[in-house]
Amino acid sequence: MMKKLSFIWAFLIFLYIDVLGQAYRSGPTDKDFVGYLFVYFKGNTKADEAVCYAISTDGYTFRALNKNRPIIDSKKISSSGGVRDPHILRGEDGKSFYMVLTDMTSSKGWDSNRAMILLKSDDLIHWQHSIINIQDRFKGHKDLKRVWAPQTIFDSAVGKYMVYWSMKHGEGEDIIYYAYANTDFTDLEEEPKVLFSPKNGKSCIDGDIVNKNGLFYLFYKTEGNGNGIKLAITKSLTSGNWTEQPGYKQQTHDAVEGSSVFKLNQSDKYILMYDVYGKGKYQFCESTDLDSFKIIDHQINMDFHPRHGTIIPISRSELKRLTDQWDAPKGISLSFRKNPVLDGFYADPDILYSNQTKKYYLYPTSDGFNDWGGYYFKTFSSTDLKNWKDEGVILDLKKDVPWGQRNAWAPTITEKKVKGGYKYYYYFTAAQKIGVAVADSPSGPFKDSGKPLIDSKTAGVSGGQAIDPAVFTDPKSGKSYLYWGNSYLAVAELQSDMTSIKKGSVKIITPDRTFREGAYVIYRNGKYYFFWSEDDTRSQNYRVRYGISNSPLGPISIVRENLVLQKDPTKGIYGTGHNSILQIPEKDEWYIIYHRFSYPNGIKMGEAAGFHREVCIDPLYFDEEGRVLRVVPSH
């Protein structure tokens with residue numbers, strides 16, 4: 001019976017991890033990080049025991065936000081009136097943030113606190129909080145003296161966030177304990193257990209764990225026993241099997257505490273920082289192996305005096321959000337690049353202006369999956385084409401599309417007025433077939449029609465794939481058309497229900513041999529403009545061409561110098577293609593939306609660059625004769 005229960009339990013854990021592994025990706029990835037957020041407190045007076053923020057763009061020069069004043073009122077989130085030792089972590093979903101704090105004011109004594117604080121945020125500005133008093137929450141802690149310096153790490157072995165901290169009971173030593181947080185990050189779901197205790201039986205506090213190449217590096221302070229930073233390493237967080245490294249890691253003979261390690265963006269360098277509390281200063285050291293460190297204090301510049309804090313990387317949009325909230329500090333240069341417009345890996349963007357909501361919407365391929373293996377679609381909304389809100393997943397092939405549960409590629413959408421309201425028809429690629437889903441809102445939820453709209457190659461076509469749909473409604477006739485194809489371009493008239501093809505209307509209109517995929521059609525001044533991508537999305541030479549027709553059904557005339565968009569090696573921009581076009585309502589103002597290799601490292605990724613792409617927007621201009629002018633891709 002026991003073996004059977006163990007098997008069931010193991011299966012449930014596997015199932016939980018598998019489901020978690022399918023979590024939707026949101027927020028920035030490593031390529032998007034352009035700065036850093038330093039979270040710290042300032043000192044031992046009650047006014048200074050509060051969470052403060054500072055920012056940096058290079059990891060060396062930091063400037064305080066909010067004039068070095070707290071960004072959270074300690075009295076509102078703590079039981080003691082003060083907080084210390086803030087630790088911040090970006091969540092596995094990429095867009096959530098977790099912060100844990102010591103609930104304590106030093107004026108009441110170093111053995112006065114029994115609680116920690118758990119906080120969660122989606123924007124780094126607004127935080128929900130919960131107070132966890134260990135003595136009240138769990139039995140067996142009557143002689144508990146102090147709860148210090150909590151931190152958080154995601155334990156992929158169980159798919160949960162682990163909170164770890166040091167505690168001292170009675171006359172015993174400070175020991176580092178752990179417990180897993182609940183899903184909402186509002187409570188600890190289990191009794192605290194010992195995470196680490198040095199073999200010499202002495203105290204250890206201020207644990208900071210870094211995951212590098214599958215190993216967990218625990219930096220900790222030897223409280224009352226040298227007051228320095230030591231290191232222990234393990235392959236499994238909860239195994240109890242730690243290999244303690246010899247010597248101390250701090251590069252000073254002064255007593256130190258509150259160590260924290262962060263990685264420099266787009267670099268193999270790590271920085272270990274710690275509080276030289278007796279001298280009222282911080283020291284920074286650099287390493288590539290997390291073993292040997294060298295002092296880099298001469299490179300560090302701060303306009304504040306932090307105590308025990310942590311640093312995380314942040315994206316352009318997050319940096320802008322923070323400086324919009326608390327103003328950009330003096331002494332730090334902020335340069336916000338125009339592109340990419342979305343954090344993370346996305347490709348094949350289709351764009352829509354919604355008359356219902358008066359907003360713009362982007363509908364990309366969810367990229368960054370090996371061999372184009374994405375399985376869900378998202379949308380993003382904006383009022384200004386600059387700041388984009390993640391509206392979440394609108395269609396999940398594995399849950400919503402039983403006929404095609406893989407390879408979610410290249411969607412397109414149109415808005416139609418139906419019986420006084422609006423309907424949204426979303427055409428997408430799944431398993432190399434084309435489907436359609438319908439919603440009452442541009443942000444969904446979308447309901448699949450139940451079967452593919454295009455499920456085989458078109459008659460007369462020997463190669464290529466039935467992918468990359470594009471929908472277009474002719475303003476002259478009111479008829480809607482669907483275009484698709486890879487190595488060929490097909491078109492068909494849509495029935496009035498927008499979910500079926502008019503019988504006998506399929507036609508091949510491939511413009512020339514430069515056509516590869518990603519067709520898009522617009523109407524301007526009596527002419528129909530056809531855009532398409534040439535070459536392969538894995539190629540740095542992926543680019544956009546165009547042709548003109550007098551009909552949405554072709555034939556397409558190839559104009560001289562019809563190259564619209566291509567790479568710019570001088571800027572490090574490659575693989576520019578698969579576009580859509582936006583006209584600003586009631587204006588002759590146009591934009592091209594496209595993807596490129598992720599900047600700046602995509603060009604170094606080989607074939608993987610073809611599924612690590614990012615979305616960009618640039619103006620599109622026409623000359624007096626209606627010819628499309630060459631687009632200059634921008635950062």
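What follows is a working chat about a predicted model of a protein chain.

Colleague: What should I know before I start reading this thing?

Modeller: This is a predicted model, where local features need pLDDT of at least 70, side-chain atom pairs count only at pLDDT 80 or more, and totals for chains, interfaces and linings use all residues. Residues are numbered from 1 along each chain as its sequence is written, and side-chain values use heavy atoms, with hydrogens and water left out.

Colleague: What is the mean pLDDT of the chain?

Modeller: The mean is 94, and 97% of the residues reach 70 or more. pLDDT is the predictor's confidence in each residue, from 0 to 100.

Colleague: Where is the pLDDT below 50?

Modeller: Over residues 1–22. Beyond near neighbours in sequence, that stretch has 12 contacts in the model, a contact being heavy atoms within 4.5 Å. Where pLDDT is low, the predicted coordinates should not be read in detail.

Colleague: Cysteines next. How many disulfides?

Modeller: The count is 0. The rule asks for a pair of cysteine sulfur atoms within 2.5 Å.

Colleague: And Cys 52, buried or exposed?

Modeller: Cys 52 is buried, at 1% relative accessible area. Cys 204 is buried as well, at 0%. Buried means under 20% relative accessible area, exposed over 50%, and partly exposed in between, with a 1.4 Å probe and protein chains only.

Colleague: Which residues touch the most other members in the largest nonpolar core?

Modeller: Leu 37, Val 51, Tyr 53, Met 99, Leu 124, Trp 127 and Leu 322, out of 25 residues in that core. A nonpolar core here is a set of buried Ala, Val, Leu, Ile, Met, Phe, Trp, Tyr and Cys residues joined through side-chain atoms within 4.5 Å.

Colleague: Which elements give two or more residues to it?

Modeller: Among them are strand E1 (33–41), strand E2 (52–56), strand E21 (307–315) and helix H4 (316–326). Helices (H or I, at least four residues) and strands (E, at least two) are DSSP runs, numbered from the N terminus.

Colleague: What is Leu 322 in contact with?

Modeller: Leaving aside neighbours within four places in sequence, Leu 322 contacts Leu 37, Tyr 53, Ile 55, Leu 65, Leu 124, Ile 314 and Asp 327. There is also a second, separate core of 21 residues, including Val 100, Phe 138, Tyr 161 and Ile 175.

Colleague: Switching to rings. How many aromatic pairs does the structure hold?

Modeller: It holds 40. Rings of Phe, Tyr and Trp (its six-membered ring) pair if their centres lie within 6.5 Å; planes under 30 degrees apart count as stacked, over 60 as edge-to-face and the rest as tilted.

Colleague: Why is the pair of Tyr 353 and Tyr 360 called tilted?

Modeller: Because the planes stand at 55°, with the ring centres 5.1 Å apart. Tyr 353 is buried at 19%, and Tyr 360 is buried at 10%. Tyr 426 and Phe 428, on the other hand, are a stacked pair, with 6.1 Å between centres and 25° between planes. Both Tyr 426 and Phe 428 are buried.

Colleague: Which charged residue lies over the face of Tyr 375?

Modeller: Lys 398, at 4.3 Å from the ring centre. Arg 524 lies over Phe 622 in the same way, at 4.1 Å. The test is NZ of Lys or CZ of Arg within 6 Å of the ring centre and within 35 degrees of the ring normal.

Colleague: Where is Phe 293 found?

Modeller: In the loop between strand E18 (281–287) and strand E19 (294–295). Phe 293 is buried at 9%.

Colleague: Glu 561, buried or exposed?

Modeller: Exposed, at 66% relative accessible area, whereas Ala 149 is buried at 3%.
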